[in-house]
Every structure is written in C-alpha cells, then in structure tokens.
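Colleague: I'd like to learn how to read a model like this one. Could you walk me through it, feature by feature?

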Amino acid sequence: MLKINNLTKRFGGLAAVNDVSVEFAAGQINAIIGPNGAGKTTFFNLVAGAMPPTSGSIEFNGMDVTGMAPDRIARLGIARTFQTTKLFEQSTVLDNLIVGHRLRTQSRLWDVIINSKRLRDEEKKCRAKAAEVLDFVGLSHIGHRYIADTTQEERKRVAFALAMATDPELVLLDEPAGGINPEETENLAALIRKMVDHGITVCLIEHKMDMIMSLADKIMVLDHGEKIAEGTPEQIKTNPVVIEAYLGSEEDVEA
Amino acid sequence: MDAFLQQALNGLTLGSIYGLVALGLTLVYGILHVPNFAHGALYMVGAYISYYIMVDLGLNYWIAMLGAGLFVAVLSVLCERLVFHPLRHAPPIHDKIAAIGILLFLEAVVQMHWGSDFRRMPTPYTGILEFGGLVLPAQRLLIIVGAFSIMGALHLYLKKTMTGSTIIAMAQNREGAFLVGIDANRVAMMTFAIAGFLAAVGASLFAPINLVYPAMGHLVIMKAFVIIILGGMGSIPGAIVGGLIIGFAEALGGYYVSSTYKDLIAFVLLVVILSIKPTGLFTKGVR
Amino acid sequence: MDRIANFFASPAMKVVLLAFALIFPLIAGSEYQIYVMALAFIWAIAVYGLNIITGFCGQLNLAHGGFFAIGAYVVAILTVDHGWAFWPAFVASGVFSAVFGFLVGIVSLRLKEHYFAIFTLCVGFIIYLLLDKWEALTHGSLGIINIAPPEGFGLIDFTRTIPFYYLVLFFLVLAIVLVSRISSSLVGRTFLAIRISDDLAQSLGINLMRNKVLAFVLSTVYAGLAGGLYAGVVRFIGPAEAEVVHTFDIITYLLVGGIGTLMGPLVGTMAITWLTQAVQSFEEYRMIVFGPLLVLLVIFMPKGVVGTFLTWRGRRLASKAPAKEGQTRVGDSATSSKEASDNA
C-alpha cells in the first residue's frame, strides 16, 4: 500500500533521511525504530507531505504522491498524529473532533451565509463522525469535557480519534506512547490493534521496545537517516547490525 | 560620481544606526523567539533621556549618551522580568501583544511628559570635514565611528566571555544554551540589557541629525525588522550587513529615485523579498 | 449564581442587548452620547473583522487599521473627487478592501507567525505612507473634507445622528450574525484548526492558504466597510486614520472582550469606549492605561472578559455532568456542546 523508493531528504549538507526504500503492506502494523536523530520523524513528514523529499519517490496505493501538499495527501487517506498532542484547550473533546471530517465535506463560505441544506447535512455528518470515532477510541463518556481537563492518555486517544475522523486508510503515529505509563501503554496498544482490525494500516514510531516487539508485524530500523534493517520483530531482535547501532547509543533504547 | 559617493556616505551613516538597532532586536529575538515590538520605544526613550541629560541638566554629550544607554538597559531588563519572563510559556501571539502594550505605554508616558513636539538635539560636534569634494559633517563621522566601535566591542564581548557565547548560542538555537548549563535567566537579562543599551546609544548618536519626537521609533523599528528578516533572525553579522544594505538602498534610492517615497524603499524591498522567499533571505534550512 | 451565568450565556441575553441598543437613543442623556455609541459600533464591526483572522484563525494582522483607512478613503475619494453617491461608494469600499486584502493575503499568508505579523505591520505602514504622500490621489496630509453622507432617498436623513445610529446598528447586527454563523459552522471550525497549528490543520486535509486567505479577506472586508461607514458619519478624514495606533486600539478592544469569542469584540469595544468617555481628558493619554492593561491581560486574563466567563461556566457545567454520566449519551453531549459553541 505504501511504497518508498530511494527516499532522501537533505538539510543543507546533512542527510536526515538517506536513500531509504521500503514497502509497507496493507492491514499491518509497521514500526519504525532507531536512535534519536535517526530521521524517523523526518521520514513521517516526507510521507505525510509536510516537506518535499530531496530525491526519491513515495507511492500510496500505486499512486505517486511525492511532493504532494499535505492536505491533498490527507484527502487521499493518510492521517497522522504528532509527538506533542495539540488540541483546542477551550472547547470540548467532541467539538475538537468535528473538524476532523471536514476534508470529506464541500461547504464553502456561501453555504454559511445562506445556511444551505448542504451545510446542514454536512455538519450533521461531521458530528456523527465525531461521535463515532469518539466511541471507537472509548471516550464517549468524556465527549463534553474540556480538553484542558483531560489526562495525557485521553489526549492521546483524542488525537487518534481526530486522525480516524479523516477516514484514513493509513495512519502514521508519531510516538503514541510517549509520556504515558505502562498500563496506559497496554491500553493504547490494544487500541492500535483495534484500528488494524477495522482495516486501517498503521505505521508508528516508538521508543518503547516491549510495545513494538509485541505489536508490530514489520519493523524498519533507521540509523543516521539510513535503513539498517527491516523484518519481523524476531529478525530484528537478533540482527547484529541493529544490536550494534543500539549499543552505540544505549540510552536511546531505554528512552 | 561625487554625488554617488556622497550618498554612499549617507547610506553608511544610516546603515550603521540601523545596524545597531537591528543587532539588539536580533539578540532579543534569540531569547523571546518573537519579535519585540517594544524595541522601537526603547530607542525613542533613549533619545529623550539623552536630550534630557544634555539640554535640561546641561551635561556633556558623552555623559548623556552613557546615561541614556544605562537607563534604557535597566528599562529593557525590567520589561524582560516583569512582562516577557512571566509569558515565556504563553503562545507567541501573547508576547507580541504584550510588546505592543509596552510600546504604547512608553510612548504615552513620553508624550505626556515632553509633549508631541519635534525637538532638535544639539551636538557639540558641528564641524564639517571635507575630503576632496566630499562633505562630511562631524556628527556623521561620529555616528559611523561610534557605531562600528560599539559593534566591535560587542563582538569581543560575545566571543570572549562565557555569557557572550551563550547569548550567541541562544540567538541561534535555544536548546544549545541549556546544554552549556548556564543560568538562562541571567543570559536573558544580559541580552535585554545589551539590546536596550544599543538602542539608546544608537538613538543618541542619530538624534542630532534627526529630530526627537514620541513616534520617532516607529520607522526605525520597522526598518530594523526588515533588516533582521533580510539578514536572518538571530544572525549577528546578518543584522549589520542587512543594516548597511537598507542604509545604502535608502540613501541612493532617495537621491536617484524619489525622496518623497524613500521611507517606502525598505518595505518594498521586504515585500519583494518575502514574496519570493517566505523564510527570509539568508535563513538556512531549518527542520 | 448559575442562573445569572446561564442567563448571560443564553440567547435571551442577546435579545436584551438588542433591545437595549434599540432604545438607547431614547434613554441617552445627549445626542453626543448617541454619536459616541454609533462610532463605537463602527469600531466594533472592525474588531469583529480582526477577530476572524486573529481570533479564529490565529494570525496577528497588524495592518487592520490600514484596511479600515482604505475603506474610508475609497468612500471619500469616490464621493468627493468623482461625484459618486455614498451607497455605491460604500459597496466599492467593501469590494476594494476585498481585492486589496486578497492581494496582500496571498503574499503575506505564506509567512509563518511573526513573519506575518512583521509583514502586516509593514503593510500598514506602507498604507499610511501612501495616504500621506500620494497627494494627487489622497489630498496628502490635508485629508479629504465634505464626504457624502449615506443617502436616505428622501425618507431618512442620515446626516442626523439618530437615523445614522440605527443605520450603523443595522450593519453591526448583520456583522455579528454573519460571524456567529461562521464561527459555529464547518468553515469556522476549519479556521480554529489552523489556529491550533498549521501542521495539524494540514494533516486533517485542510488547505491552509485557501482558508487563511478566506479569513483574511473576510476580515479586510469588515475593516473596509467599517471604514466606509466611518467616512460617511465623520465626513472628514486624513492620513491619521491609518496610523498604527488604531490597529493597536482594535487589538485592545478585542483582547479585553475576549479574543476568539463571539461577543468579545462587542463587549471589549463598548467597555473601553465608555471607560475612555468617562474620563474625557484621558483620550489623548489613554495608552498610559491601555498599554499596561494589554500586558496585564495577556499575563493574567488572556481570554478576556467573555472568554474567561465562558471557560468558567463551561467547566462548571462539565464538572457537574459526570453525576449523570450513565445517561449521557453521545447525542446529549453533542447538543450541549452545540449550545456551548452557539453561545461562545
């Protein structure tokens, strides 16, 4: 479903992502791991279109999306979450989610001025979608709560729900388990599995190795922007190159 | 040719003042990470304090300049402590609005105390030097020499002292400074003090060939913004070079194109530059 | 306590406000007070404009006063130098602000955060310089006098204060109704997503430029039309209308009332206008108070009067809700949040 060919991104002379080729199959959980500064987030930014690659190409469902604007990529069905969960603090959880389905609607300013039927229908549709994804992530009971009053884990779930509201085929999760405790991590892993069960392909960046090893179908290891290994969790665990890379920066494994 | 050289010289004068103001602005940008709209007001207050010490107290020009520099340095530090420090975790739009609040306040206070008349500040250096057809009033020479000596001194301070190198580190990248393990508060205060001092000295140097009035900071600060966008936010050489570019552009454009619209030149330049390259002229690829 | 709070946030409050505005000319102490109120309404329209781009969309536009001045100058130049009637000139002021806003928008909105603020500050200054220096078009620093007042077609005389007051009130209500529709609609939610973060909005499939330009043009049309009305009531304008201090006034009104809220612009404009009026001699030095007020507001009360009230009330409601958590279905919270956003 996602096919990356010789992807490279340079900042000045520095290659943050260097000649990475990889393929992620539909309906799987794919993990990207690697020490800090290995280029993982840059890789996500490239796939999501947040920045154009220096060279190489990205194919999504057989379509070349290289250099496409991020909003177009989102409409094609790639959603993402960010390391820091930014939400609108002064409104409720549900209110935050309604805009998530905006990309599947057509209403323009004119519809607002005349309060058209299309607008009313689409607002209903977005509201229903928000309620649906809220239910999906198991937060229906706090839909009316203000974001400012939610916990870190709830925020993560809201971010998941927001990504889900775009009706994606592929979801990119950037450190979904960052900053939450082990038990919550378990719950979040279960939620990620649930997403896959609903036919969504997941691609995630994570430092928590236990979670990755039990969750991922496929792992790609980046180091200094280069792909040093890919394979199943078992293959990665025993791969000498990976062990070498991680021994070189022990603290990152724990981080 | 002589006319060209004459205008180039005027451009150098303007450019060195702009450079001084932009330097302070760019250093403070490194701390705040938002443009300090109040910087122009500090410049204006500097000119008034200088004027006060010289005209009302009848003291020497140099004492006035130093006095203004120190006064505004303290004022600048107060702004940091009382306003920007409490806002360090707020969204950037808040810092910008707070800076505007300081600007409005300082202007209103000055206007209430001194009125909105235009005042002329005297200078002890009224002589005119001539170099083979080129006319150079002594005050302009003083501006050029003064501004560049201060830039030189600042350069030494930033390169040779620990605090100085931290200020540079912060101007370029915030995290870098915390790695060094230096007291960020002290660095922030020092930076604001330097920026205030530079603005006041720049104003004291420039005031004798210009006028002193409450809104005098508006144009200067806006040009300083143009300069740091030209030179790259947080870049010290960028501020100096950018200052000179704008200074020359204005002097030459005012002479050869139109003197009515010479104040527009800097802004038109900015509009053109940002239209072509939205991240500024000399910015390196940032992640 | 809660009942009072609920009343303030209820639609009934809006009826009361409107009723008060309608009878104000009857209870006002003098014609001057009606005139002040009409001017305040005009500024409030401009503040609503700034609220769209800065409050909803999160982009600090420092050229807003410049667009107000442009609207005023379009009406002045067309009526005085080209013999247009007021109403066509008024429409032209809206059209011209939209076109000019669009041109400025497509260049400036590619810039992020502070670059945008600096750029628009410079645009505002360019507008001022042009109005001041381009004598052939703008009469330079002399300004323009004898601007045509709105025609009443023999029915109403808009040069008189009270009819003009109602005219301005009509436009203000129109302005608020439109903003209210926008803010609770998908379009408004799209603006809010951009305010949270450009990256987040894009990841949700939102076209940044298209939406930012839309918000910007809306805001400049508001400013331009407010300026056009201003020219019609004051009938004398000069380059001083474009001074950056007016933009700062507008920001103060917005911040005091509550940035990003529906009633904030009105509350802020009214509060500051009448506070300033209360101390007549204060007008010239108002910034001695406004300046520190801005600073204190962003430090201690960044949401302004209305925003602080709504957050306080919202949390109160939310903290009570869990008591009946069992029955709270998604549909319920959907309607309650709809109410909250309608009242916001």
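Predicted model: local features only at pLDDT ≥ 70, side-chain atom pairs only at ≥ 80, totals over all residues.

Colleague: Which residues of α14(C) are buried?

Modeller: C:Met287, C:Phe290, C:Gly291, C:Leu293, C:Leu294, C:Val295, C:Leu297 and C:Val298 are the buried ones.

Colleague: And how do I read an interface? How many residues do chain C and chain B bring to their contact?

Modeller: The size of an interface is often given as the accessible area lost when the parts come together. Here we can go by residues instead. Chain C puts in 32 residues and chain B puts in 36 residues. On the chain C side, α6 (113-133), α12 (244-257) and α14 (286-300) each supply at least two residues. The most comes from α6(C), with 12 residues. Sorted by class, that side of chain C has 26 nonpolar, 3 polar and 3 charged residues.

Colleague: What about chain C against chain A: how many residues are in contact there?

Modeller: There, 35 residues of chain C meet 43 residues of chain A. The elements of chain C giving two or more residues to that side are α8 (161-184), α9 (186-196), α10 (198-203), α15 (304-320) and α16 (330-343). By class, the side of chain C that touches chain A has 16 nonpolar, 14 polar and 5 charged residues.

Colleague: Now sheets. What is the strand order in the open sheet of chain A?

Modeller: Strands of a sheet pair through backbone hydrogen bonds, either parallel or antiparallel. In chain A, an open sheet of 4 strands runs in the order β2-β1-β4-β5, with antiparallel pairing. The edges are β2 (14-24) and β5 (63-64) of chain A; each has a single partner strand, so one side of each is left without a neighbour in the sheet. Between β1 (residues 2-11) of chain A and β2(A) there are 7 bridges, and A:Phe11 sits opposite A:Leu14 in β2(A).

Colleague: Which strands of chain B pair, and over how many bridges?

Modeller: β1 (residues 128-131) and β2 (residues 134-137) of chain B pair in the antiparallel sense over 4 bridges. B:Glu130 is opposite B:Val135 in β2(B). This hairpin has 2 residues between the strands, and B:Gly132 takes a positive phi near 45°.

Colleague: Where does UniProt place the "transmembrane region" feature in chain B?

Modeller: The unreviewed UniProt entry puts it at residues 12-32, 61-84, 96-114, 134-158, 187-209 and 264-283 of chain B. Residues 96-114 of chain B are 100% helix and 0% strand, with end C-alpha atoms 27 Å apart. For residues 187-209 of chain B, the span is 87% helix and 0% strand, and the ends lie 34 Å apart.

Colleague: Last one: how is chain A divided into domains?

Modeller: Domain 1 of chain A covers 1-77 + 168-255, and domain 2 covers 87-167. Their centres, taken over C-alpha atoms, are separated by 27 Å. Where these two domains touch, domain 1 of chain A gives 10 residues and domain 2 of chain A gives 11 residues. On the domain 1 side, α7(A) gives the most, with 3 residues.

Technical notes: Residues numbered from 1 in each chain as written. Chains lettered and ligands numbered in written order. Contact = placed C-beta atoms within 7 Å. Nonpolar A, V, L, I, M, F, W, Y, C, P; charged D, E, K, R; others polar. Buried ≥ 20, exposed ≤ 12 C-beta atoms within 10 Å, placed from the backbone. Domains from an automatic or database assignment. UniProt positions renumbered as here; feature names shortened; annotations may be inferred. Pairing = 2+ DSSP bridges.
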